[in-house]
Amino acid sequence: MSLLCETPHPSRRAVLMTGGALFAWAYLPRFARAADNRDPRLIVIVLRGALDGLSAVGPIGDPDYAGLHGDIALSLAGPHAALPLDGFFAINPSMPVFARLFKANQAAVVHAAATGYRERSHFDGQDVLESGFAGPGHVATGWLNRALESLPAGDRVATLGGLAVGPSTPLVIRGAAPILGWAPQSLPAPAGDLAARVLDLYQHRDPVLAVALQKGIDADRMALDGQIGGNAIKPKDRAMKAKGGLDSAAGMRQAAQGAAKLIAADDGPRVAALAFDGWDTHVNEGGATGRLATLLGGLDGAFEEFEKGLGERWKDTAIVAITEFGRTARINGTVGTDHGTGTVVLLAGGAIKGGRVIADWPGLKPAQLYEQRDLAPTSDVRGVLKGLLAGQFGLSAAVLADKVFPESAAVKPMRDLIA
Amino acid sequence: MAIPASGSPPDPVLVALNRFGLGARPGDRDRMAHDPRAYLKAELRQPDIALISLDDQAYAGLPGSTPAIQASMAANFQRKLDRERMTATTAQPAMASALATPERVAHAQPVPPPAIPAKPAPPIEATLFRAEAQARLDKASRAEAGFVERLVYFWSNHFCVSVAKDNIVRASAGAFEREAIRPFVLGRFADMLMAVERHPAMLFYLDNQQSIGPDSRAGKNRRRGLNENLAREIMELHTLGVGSGYTQADVTSFARILTGWTMAGREGRLGEPGSSVFNANAHEPGDAVLLGKTYPAGGMGQAETALNDMARHPATAQHIATQLARHFIADDPPPAAVACLAKVFAKSDGNLRALAATLIDMPEAWSTPLAKMRSPFDYVAAIRRSAGPGPANDPGQSLNWLNALGEPLWQPPGPNGFSDQADSWASAEGMKIRLDIAWQAARQAKDIGNPNDMLDAVIGPSASPETRQAIARAESKQQGLALLLMAPEFQRR
């Protein structure tokens, strides 16, 4: 029987043995910086529900846009004028931070993008987006986790593992590589050594739960005590869960705030995944103001919190926001949009070679639309993600095409995304 | 799964209480020990066992969905008036001062200092939601084994709505479960399907109340049109299942067929406000082809016929059988079990009582290791049943726990409901929160007897020696109870 039963107060060593071998970063000595002093990070934000790319970044220069998108089309005129990115595209006015970063060459947009999935089921679409497989039905591991797994043994990024934000782990980062889970919360912490005793019990009876609980405890301690970036998260920020949750505009901002502290630490994870739900805007979607604009404002707030919280690490960071597919180009009968195909990928961070909207614009004439209803995809989301993984972590095209995004050799990594 | 392999099948009483039910209350194990299968089957024979009857004193005061929605509509209208009044007063200060004639100024009293505003009453939707939540939690505590309640939660998640959608759904989500799910969990699938898809909460959640046939009278007048959300999710999630062979054209066609299924508005032009009605003016006229079959024009009956056909489709039987087996047996359910359930579903014309009885009779249900995780609601219910009720008549703590655990009541992230995979609930964050909750529950439990006796009452003789020892050596009764609530035998089912 266990050490613990003999001594009611577990030694630090006992705790280490419990979780340490599997997930040790909380206790590891601080890592030296890489030789070139670059210390890249990648943050993936999954927008579940299918973001209307044409309302996030409007092709206001396209003569057919205003007609198709009707009352919710973005425009450079009026009290809620969209913010111009270049002569053709303008971003929703609820995203001033992104527009500022774009001007500073720290944000970019890939437009008319889609994964290889061409049906219109959210759940299959999300599985394809997050698993990185060519088709639905693969729900055990995600591409971001397999990317970590594909790094050379002993690689710093691989050793430090990934961060999953929220009460459940997004598929994109599930898998064999070590993942830390964290979400803001506000319950009183257990007194005494209850945690150690439960961990000890799990070690003997349920190793899966032992690993999960150990990670949860580590993450909570790392995020909440002062050791992360010198700033503890204030108790009032922790109370967010009872309110709007991760998917409210305030929730997105607060999730990013907490995640930034964990990622910014020298010994914190270098990749992170967040999932925000609620982008399925079938009815009264709104354009420059309204429901979608509120959500986009939350996403913009998340970008701002990452910029603030990452401090000097921002310059080596890439953030990518992706969604399972786009929405119909023409608004539906209820001033919203139904499930579609092409949409946007949003990129931000000091590591991004920004100031560009990357698009092979397909046009919006009826014959140019996919199945005469959706923005036709001309860029593959996987190409963007491959480009980021190659640029940030040096993964080869072969590994990316085989292990990270299986059966995707035809999709080349998009070049020059990283400055 | 990483449960230590064990040669013998799990304790049948634990299977009945945890895999099928909501966990043991003190005494439950003794009551069912002689024949756990018969105990579960007896639940299936109790008439009206699934209902939350408003005749029952404990649930008196819960309104039906129609009055609940009417209350929400009235409150919405009042809120709008208040907003307009506020904008009007702040927008016209010049006018207000112009109206202040000398006489009125002369009679004006000194303005009293503003009183500290009383805490405003919660919105009616929140009050209704909490009352419904309290009823659901009470029912979970009062259930015998709780198998039928588990079936209610299964179907409620299968046909989920989300209160995050809007006030109408927030006001009626609980009534939706009482009206469209509970009466049918031991009835016919087709009847449940019909009750669900015409319920105002579902029509609102999946936007059908706004979908208008483009060639209908309303469509031509108002330049509004189709919304295919409900049609797609009925086919993909509620009946046939994704990948079962339907096309985008089928979805669009079904959306046309469903036009006119709506809810009567506040003015009551179409019927009693807040009730489910068919609006012929919004219904797309003409025949429609769906899944290769032509449905002749026929008003509301057109969609009823289509739904009945979908309820009997072989793909639906397969889809429901897989989900049921995944929920009650294992994440990757034994194919034989799925095939058996699908056969019973098809043969019995979707008789859900027969399906539930089949689950009880399945050898796989009693031999498969208890490797799934309790969902957050089942976990909270099991805590209340074993460690005693939470604060009286206040669901607040349980609701907060559910929020923290990532399964807020009647608020799934999407129309596919909450996950039914063990991994989703055994996350790092989720386990840390379970630890915090176990501690909070143990700290507030009244009269904890001997935690070792509680272990015997709740888990029984199959508890592992390690669990037994950990509880025996706890430093306090509270810690012992918290260890019981965290034990693998309490988490897994």
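**Notebook: chains A and B of a predicted model**

The model is predicted, with local features requiring pLDDT of at least 70, side-chain atom pairs counting only at pLDDT 80 or more, and totals for chains, interfaces and linings using all residues. Residues are numbered from 1 along each chain as its sequence is written, with chains lettered from A and ligands numbered from 1 in the order in which they are written.

Helices (H or I, at least four residues) and strands (E, at least two) are DSSP runs, numbered from the N terminus.

I next checked chain A alone. Its secondary structure comes to 15 helices and twelve strands. Of its 419 residues, 61% count as buried, that is, with 20 or more other C-beta atoms within 10 Å of their own.

I then turned to helix H25 (residues 465–472) of chain B, where Glu466(B), Thr467(B), Ala470(B) and Ile471(B) are buried. They lie on the same side of H25(B), because they cover an arc of only 130° around the axis, taken from the directions from the helix axis to the C-beta atoms. Among the elements covering them I found helix H9 (194–205) of chain A and helix H26 (477–486) of chain B.

Last, I looked up Leu485(B). Leaving aside neighbours within four places in sequence, its contacts are Ile383(B), Ala387(B), Ala438(B), Ala441(B), Ala442(B) and Phe490(B).

Notes. A residue is buried if 20 or more other C-beta atoms lie within 10 Å of its own, exposed if 12 or fewer, and partly exposed in between; C-beta atoms are placed from the backbone. Two residues are in contact if their C-beta atoms, placed from the backbone, lie within 7 Å.
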